[in-house]
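I opened a new notebook page for this structure. My plan is to look things up one at a time and write down what I find.

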Amino acid sequence: MDLIVKNGTVVTSTDVLRADIGIANGKIVDVKKKITASGETVIDARGKYILPGVIDPHTHMELPFMAATSADDFEAGTIAAAFGGVTTILDFAIQPKGNTFLETIELWRKKADPKVVIDYSLHVAVTDLTDERLAEIPKVLKYGVTSFKLFMTYRKEGMISEDWQLLEILRASRDRKFLVQVHAENPSIEEHLKQKYLKEGKTSAEYHPRSKPNFVEGEAARRVIYFADVSGGNLYIVHTSTREALAAAESAMSAGTKVYVETCPQYLMLTDEKYHQPNGRFFAISPPLRSKKDNEALWSGLTREIVKTVGSDHCPFTSAQKDLGKDDFTKIPNGVPGTEVILPILYSEGVGKKRITLNQLVKVTSFNTAKLFGLYPRKGAISKGSDADLVILDPNFKMELSQENLHTKIDYTVYEGLKVRGVPVTTISKGKPVILERQFVGERGKGQFVPRDLVTAL
Ligand SMILES: [Zn+2]
């Protein structure tokens with residue numbers, strides 16, 4: 001063995017137990033009450049929890065978007081992720097119009113491969129679905145990319161998909177068992193409202209959420225859920241922000257439609273009151289922040305296991321980049337950081353406040369994500385044969401989130417002043433510490449692209 005993690009409390013999707021973990025060649029080789037060391041490196045996890053490394057299914061590193069490029073490249077972004085106990089990110093390779101899916105993946109791999117400090121995989125974000133691209137899907141699945149994202153909005157940005165395209169790819173996903181991720185917002189209404197406000201001289205950040213009221217997401221979610229229903233496809237709604245979308249998904253799930261719901265820490269923790277602050281533009285994201293009622297509905301969705309995964313939608317822009325929209329809210333680059341706070345927020349606000357159990361924490365941060373995205377049991381588990389991707393969380397470690405103690409490149413944090421209790425202290429990627437006692441000890445380019453299997457239904 002190369003490494004033994006001793007004396008910790010191991011948490012999986014089903015168990016919480018005292019056990020030692022033996023690791024060799026990047027894999028878990030033993031999990032039992034006591035493993036006696038004979039010269040191996042030992043990490044003492046006494047008083048701490050050991051969880052499967054977090055899988056963040058939703059990041060945008062160095063993404064060119066709305067006249068800016070997200071400020072964390074694949075190195076800075078994966079370092080920030082690792083500080084949050086993340087051992088795998090799933091980033092979006094955005095298809096340049098006219099490119100094949102495999103060309104798109106190669107383009108993103110060129111950026112990511114030399115820089116990532118933890119493992120990663122990619123989704124294809126489809127901007128140009130044609131018959132040729134539908135025919136290419138089997139090759140992409142074979143390559144190990146088994147999820148495709150479509151946008152119901154972003155017409156101006158050239159990323160929108162039409163209803164027929166949503167329906168066709170959902171239909172294909174039923175037989176081929178891949179996942180169709182959808183950004184659900186009604187473009188017609190949001191475009192109309194944006195123009196209306198701008199004409200009235202209403203240009204500040206508070207008109208960002210007003211141009212995208214709850215029903216803009218709710219309607220689009222219902223529509224695409226209906227398409228999933230009639231096609232039998234595998235639908236995954238990304239960054240769910242409203243109680244309306246959640247309710248639509250919940251009733252469809254109980255009727256047997258394959259629809260999976262993701263939310264993000266910002267939709268659990270922050271509200272649209274932020275847009276009234278002088279720096280309101282820092283909080284511009286799509287869908288926008290909502291009300292306390294929506295926060296609570298999403299927490300309840302986690303408690304009742306209607307929400308299946310939590311991803312970050314990590315897409316940070318500096319204050320200078322956000323200033324591009326100072327005089328016109330439609331020009332604010334949309335995005336906030338978040339990969340580093342998934343685990344501290346879900347532990348502190350979720351487990352700490354008894355909204356979710358430790359097992360549910362593992363499900364939504366790792367186990368469910370691994371299953372849906374074809375990474376299980378290689379990842380998302382602490383068992384013999386799995387990758388030794390682990391996070392050691394100190395339940396008594398207190399931290400006040402601030403720009404100084406978070407690791408994204410940007411010059412502010414949207415969580416300024418939020419106090420958390422329970423922080424990841426050590427992150428192990430394939431048997432090697434990347435973060436050790438809150439110090440970065442990893443190496444640029446050490447992470448790998450991980451080919452994925454087909455979706456396993458939950
Ligand atoms: Zn996103």
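Entry 1, a helix pair. I am working from a predicted model. I looked up α8 and α10 and found them roughly parallel to each other, because angles under 35 degrees count as such and their axes cross at roughly 30°. The axes come within 9 Å. Helix α8 covers residues 243–254, and α10 covers residues 292–303.

I then listed who meets whom. From α8 I noted R243, E244 and L246; on the α10 side they meet K293, D294, A297, L298 and G301. Sorted by class, this contact has 4 charged, 3 nonpolar and 1 polar residues.

Which residues coordinate the zinc ion? I found H58 and H60, each through NE2, and D313 through OD, at 2.1 to 2.2 Å. The donor spacing along the sequence reads H-x1-H-x252-D. I placed H60 in the loop between β6 (54–59) and β7 (64–65), and D313 in the loop between β15 (307–310) and α11 (319–322), so this pair ties together parts that are 253 residues apart in sequence. I checked burial for H60 and D313, and both are buried.

The largest one has 113 residues. Those with the most contacts inside it are F148, I169, L235, L302, L346, L361 and Y415. I followed up Y415: leaving aside neighbours within four places in sequence, its contacts are P265, Q266, M269, L270, P337, V341, I345 and L401. I also noted a second, separate core of 16 residues, with V10, A45, I382 and V425 among them.

Key: Residues are numbered from 1 along each chain as its sequence is written. This is a predicted model: local features need pLDDT of at least 70, side-chain atom pairs count only at pLDDT 80 or more; totals for chains, interfaces and linings use all residues. Side-chain values use heavy atoms; hydrogens and water are left out. Axes are lines fitted to C-alpha atoms, for helices over the stretch in contact, and angles run from 0 to 180 degrees between N-to-C directions. Helices (H or I, at least four residues) and strands (E, at least two) are DSSP runs, numbered from the N terminus. Angles under 35 degrees count as roughly parallel, over 145 as roughly antiparallel, 65 to 115 as roughly perpendicular and the rest as oblique. Contact means heavy atoms within 4.5 Å. Ala, Val, Leu, Ile, Met, Phe, Trp, Tyr, Cys and Pro count as nonpolar, Asp, Glu, Lys and Arg as charged, and the others, Gly among them, as polar. A nonpolar core is a set of buried Ala, Val, Leu, Ile, Met, Phe, Trp, Tyr and Cys residues joined through side-chain atoms within 4.5 Å. Buried means under 20% relative accessible area, exposed over 50%, partly exposed in between (1.4 Å probe, protein chains only). Donors are N, O and S atoms within 2.8 Å of the metal (3.2 Å for Na, K and Ca); water is not among the atoms, so sites may look incomplete.
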